[in-house]
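Hi,

Here is the structure I promised to pass on to you.

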Amino acid sequence: MSTQLLDVVELSKSFNLKGGRSLQAVDRVSFTLSQGQTLGVVGESGCGKSTLGRLVLRLLEPSGGSVRFKGQDLTLMPPDRLREMRRHLQVIFQDPQGALDPRIKVGRLIEEPLVIHRMGSAAERATEVARLLETVGLPAEAASRYPHEFSGGQRQRICIARALALKPELIVADEPVSALDVSIQSQVLNLLIDLQRQRGLSYVFISHNLAVVKYVSDFVAVMYLGRVVEMGAADLVFTEPKHPYTQALLAAIPEPDPDLASVQTLGSPLRGELPSPDNLPPGCRFHTRCPQAMERCRTEVPTTVQVGTLSRPHGVECHLWT
């Protein structure tokens with residue numbers, strides 16, 4: 001039986017803008033994640049998914065809500081306790097080139113977390129760096145080279161090795177393969193899955209690519225303008241989507257088989273532009289683009305309705321189900 005690792009409750013983040021305006025990037029998001037599981041977070045650019053990932057790690061201070069990791073509230077921790085807790089929480093960024101200091105050799109980059117947390121002697125850290133490089137499929141001699149000497153896929157493997165250095169339990173992966181060639185993406189995804197099985201890792205996996213999210217996730221959260229509009233077991237969200245936005249995202253996936261391209265999908269591709277996050281529509285935020293919008297959608301904020309079961313949860317925030 002899996003152990004609950006992460007409990008996010010009503011997490012929110014707003015940014016103050018000029019003129020007294022504010023931008024609600026994340027609005028009352030809640031979810032739980034157990035050890036060894038992956039939550040995929042998907043949505044269009046600007047929906048708040050990367051901000052959510054940073055809030056989970058407390059790289060950003062939340063405006064409201066809580067993040068409990070193994071029962072301890074990260075949002076209330078003093079800096080010294082939070083620093084200690086960060087050993088268990090790591091991140092993989094979207095751009096491996098930007099995440100690695102070009103002036104520092106790879107071995108030092110991977111060793112840095114161990115130095116910061118004062119783990120092991122110099123010799124022990126060197127041995128651990130070689131082992132981590134081997135774990136991600138790179139030779140030990142890579143430690144003596146600089147990041148620019150590697151391909152994009154190899155640089156992301158270096159970032160993964162650095163994220164593993166402190167033996168974390170939770171990794172937030174923010175678009176970890178979107179900057180890579182398609183031929184390399186599957187290799188990195190399979191590496192992350194293998195590491196999860198070997199180490200019992202949990203992932204919050206952020207992506208705009210639904211095919212990638214489907215491949216790696218146990219559960220999926222669909223975000224739109226800061227809100228999670230649908231969340232559930234991955235197979236349910238992809239085969240039985242309930243929210244018109246989720247249906248539209250799935251309808252937009254290109255069908256490689258021309259014989260199936262004309263098959264009627266569950267929804268219609270998205271129309272119109274994403275509203276500005278600093279000027280949110282009243283009522284349901286999706287009603288300005290929703291082909292099934294009703295009058296109440298324009299004025300009344302929908303609540304989350306559970307359409308799944310206790311063993312196979314599936315929630316949707318839509319008036320069509322109330």
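Below is what turned up, going from strands to cores to charged pairs. Keep in mind that this is a predicted model.

**The strands around β9**

What does β9 pair with? Strand β3 (residues 38-42) runs parallel to β9, and the two are joined over four bridges. Strand β10 (residues 227-233) pairs with β9 in the antiparallel sense, over six bridges.

You can follow this through Phe219. Phe219 in β9 is the bridge partner of Leu39, and the partner of Phe219 in β10 is Ala233. β9 and β10 also make a hairpin, with two residues between them. Look at Leu225 in that turn: its phi is positive, about 50°.

In soluble globular proteins, nonpolar side chains tend to be buried together. Here the largest nonpolar core has 37 residues, and Ile110, Ile160 and Leu164 touch the most other members. Several elements each supply at least two residues of this core, including α4 (106-116), α6 (152-164), α7 (182-199) and β8 (202-207). Apart from that core lies another one, of 29 residues, with Cys47, Val56, Leu74 and Met223 among them.

Leaving out residues up to four places away in sequence, Ile160 touches Ile92, Val136, Val188, Leu191, Leu192 and Leu195.

Some nonpolar residues sit on the surface instead: Met294, Leu320 and Trp321 form a patch there, with about 240 Å² of accessible area together. Leu320 is in the segment after β12 (314-317) and counts as partly exposed, at 34% relative accessibility.

**The charged residues**

How many salt bridges are there? The count comes to 17. Here are a few of them.

- Glu111 and Arg125 form one, with their closest N and O atoms 2.7 Å apart. Glu111 is in helix α4 and Arg125 in helix α5, so the pair ties together parts that are 14 residues apart in sequence. Are these residues buried or exposed? Glu111 is buried, with a relative accessible area of 14%, and Arg125 is buried as well, at 16%.
- Asp235 and Arg312 form another, at 2.9 Å between the closest N and O atoms. This pair links distant parts of the chain, with Asp235 in helix α9 (residues 234-239) and Arg312 in the loop between β11 (304-306) and β12, 77 residues apart. Asp235 is partly exposed, with a relative accessible area of 39%, and Arg312 is partly exposed too, at 36%.
- Glu149 and Arg145 also form a salt bridge, with the closest N and O atoms 3.8 Å apart. Glu149 counts as partly exposed at 37% relative accessibility, and so does Arg145 at 28%.
- Asp27, Arg28 and Arg285 are linked in a network of salt bridges.

Glu128 counts as buried, at 15% relative accessibility. Leaving aside neighbours within four places in sequence, Glu128 is in contact with Leu114, Ala165 and Lys167.

**One last residue**

Finally, find Ala99 in helix α3 (residues 96-99). Ala99 touches Phe93, Cys159 and Arg162, again not counting residues up to four places away in sequence. Ala99 and Gln72 are 27 residues apart in sequence, and 29 Å apart in space from C-alpha to C-alpha.

Conventions. Residues are numbered from 1 along each chain as its sequence is written. This is a predicted model: local features need pLDDT of at least 70, side-chain atom pairs count only at pLDDT 80 or more; totals for chains, interfaces and linings use all residues. Side-chain values use heavy atoms; hydrogens and water are left out. Two strands pair if DSSP finds at least two bridges between them. Patches are made of residues with over 30% relative accessible area and no salt bridge: like charges are joined within 9 Å, nonpolar side chains (Val, Leu, Ile, Met, Phe, Trp, Tyr) within 5 Å. Accessible areas come from the Shrake-Rupley method with a 1.4 Å probe; for residues, only the protein chains shown count as cover. A salt bridge is a side-chain nitrogen of Lys or Arg within 4 Å of a carboxyl oxygen of Asp or Glu. Buried means under 20% relative accessible area, exposed over 50%, partly exposed in between (1.4 Å probe, protein chains only). A nonpolar core is a set of buried Ala, Val, Leu, Ile, Met, Phe, Trp, Tyr and Cys residues joined through side-chain atoms within 4.5 Å. Contact means heavy atoms within 4.5 Å.
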